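Please read the numbered points below with the model open.

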Amino acid sequence: MKRGKYKALVLVLVFAAGCFAVAEEESRADNYDLYVDKQYEESDSDGSESKPFVNIEEAIKKAEEKGLEKIYARKGSYEEDIVLAEGIEITGEDRSGVLLKGEVRMENGTKIANLSVKGINSGVVAEGDADVEIKDCDIKNFSGIGIKALVGSGEVVVEGCDVSGEGKGFYIMRGREIKIENCEVHHNLGEEGIDLRAEIKGIIKDNKIYRNGESGIEVIAGNADLEIVGNDIEDNGSSAIAVQFYPDWDDEGKIVIKNNTLEDSDNYGIDCKRPQGGSGGSDYFYDSIELSDNEIQDNKKGDIVDYCNLEKEEEEEEEDGQKEGVEENLDNKERESEEEEKQEEKEKQEEKEKQEEKEKQEEKERQEKAEEAKKQEEKKLISQKLERIKENKNKIETAASEHKNQAQERSFLVSLLAGPNFKEIEEVKRQNRLLEENIAKMKNLKREAQDMEVQVEISQEIEKISKLLQENRAFVENKENNFSLFGWLVKWFI
């Protein structure tokens, strides 16, 4: 008996759990304000779940107008540059199935999640002072920078992302706060995996950073307050971590490097440099870097460059004479290193100028291509809408013709006694109203169109529909004005 009761209870719980799961799924579906679906083919898009927009830019525009926030993008390839206005979020249906082919610019309070961005030059750009979030995204195939944060104080949160392209993975400019966690930053063939400028604060944690063209992480120490914790940084083209001094930001930083694996780099596990010369003192890097529990091994030039002076505490325990010899040796190494770095910086500056000129040209070409692509996309979209209206017009024309034929089939005697076939005439009138709606839609479409050829095509279609409408109206007027005995009696006695 008890066993039967337990079975019944289990069935009830299973049923309740199923109902809860369905309800939860429906709740998730209801959490979005606007929807986008590249595959939607009708002309009645309003951004709802059943009538989604075809382009993301349309959804963003409506979100701005109506004060909405959450946009859901279904699977598809969206070839457009977008600007996420303040407070707007875009979530993809499928990380690899939703592809944004263009640049994503993010203003304050914006978020993208569960989608892919294929940038032409840059993938994602966070505006200055903007707090932004990038979660579970693939940023790939960019030629310049994968994720770029402009100068400002806003926080950039990047979690669970894969960043890989032909240029630099991350470029975080001065003053930003960052949180980069559980990401893979790899095969950024041109430059660093993560490049941090001065006055950066935050954390880089539990990431895999490998096979980048230059250092895995490069950071300017000046006023930094940064933790680099629990990362695997390996097989990079320069050093695993490169810490830099610049005269313009000569205050010491606080960079905690803890529990990382730094291995198989072409240069050092940890490198220290002064790319523009200057001197923050022999203790600058020692006072700016804190090392703890890292595994540093198998780097081609060594684990930690002597110039970092990170073994100072052991040196201070030696006798004064030996200590002076070590310090003199360090000074000599510092001078040699500075000369090497000056030459390297000169070559790097020349290369940078060439690269900047190349990037300017590429940016100009990218903008021209983007503008042309936008025009072509707009032309394609309007042409699709026009085709749907033309198909509708053909259906209306066929229906009106059938009803006119039915009205014509009434014999002369019946028409003389009872009048025309009012049922069929009313149907022709109804088709006329639909034609009027089509004309209004085409006029709106013409106002949207920027391409002159499309405008001309729309004007020609409006002229055709207007001619058909005029013919139908003349038919109705002719039929309604024909003499009938029944109609004459009604007018006479009423």
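1. Is Cys-272 buried or exposed? Cys-272 has 1% relative accessibility and so counts as buried (buried is under 20% relative accessible area, exposed over 50%, partly exposed in between, with a 1.4 Å probe and protein chains only).

2. The model is predicted, so local features need pLDDT of at least 70 and side-chain atom pairs count only at pLDDT 80 or more, while totals for chains, interfaces and linings use all residues. Residues are numbered from 1 along each chain as its sequence is written, and side-chain values use heavy atoms, leaving out hydrogens and water.

3. The whole structure holds 1 disulfide (a pair of cysteine sulfur atoms within 2.5 Å). Cys-272 and Cys-308 form this bond, with an S to S distance of 1.9 Å. The two cysteines are 36 residues apart: Cys-272 is in strand E28 (residues 268–273), and Cys-308 is in the loop between strand E31 (302–304) and helix H4 (312–316). Helices (H or I, at least four residues) and strands (E, at least two) are DSSP runs, numbered from the N terminus. The disulfide is right-handed because the torsion about its S-S bond is about 105 degrees. Cys-308 is buried, at 0% relative accessibility.

4. Cys-137 is buried, with a relative accessible area of 0%. Cys-183 is also in no disulfide, its nearest cysteine sulfur being that of Cys-161, 4.8 Å away. Cys-183 counts as buried at 2% relative accessibility.

5. There are 20 salt bridges (a side-chain nitrogen of Lys or Arg within 4 Å of a carboxyl oxygen of Asp or Glu). Asp-195 pairs with Lys-168, with the closest N and O atoms 2.9 Å apart. Asp-195 is in strand E19 (residues 194–196) and Lys-168 in strand E16 (residues 168–172), so the pair ties together parts 27 residues apart in sequence. Both Asp-195 and Lys-168 are buried. They belong to a salt-bridge network that also includes Glu-191, Glu-192, Arg-197 and Glu-218.

6. Another salt bridge joins Arg-211 and Asp-235 (3.0 Å, N to O). Arg-211 is partly exposed, with a relative accessible area of 47%, and Asp-235 is partly exposed at 32%.

7. Glu-57, Glu-64, Glu-65, Glu-86 and Glu-107 make up a negative surface patch (residues with over 30% relative accessible area and no salt bridge, like charges being joined within 9 Å). Glu-57 lies in helix H2 (residues 56–66) and is partly exposed at 34%.

Technical notes: Patches are made of residues with over 30% relative accessible area and no salt bridge: like charges are joined within 9 Å, nonpolar side chains (Val, Leu, Ile, Met, Phe, Trp, Tyr) within 5 Å. Accessible areas come from the Shrake-Rupley method with a 1.4 Å probe; for residues, only the protein chains shown count as cover. Lys and Arg count as positive and Asp and Glu as negative; His and the chain ends are not counted. The place of a charge is taken as NZ of Lys, CZ of Arg, CG of Asp or CD of Glu.
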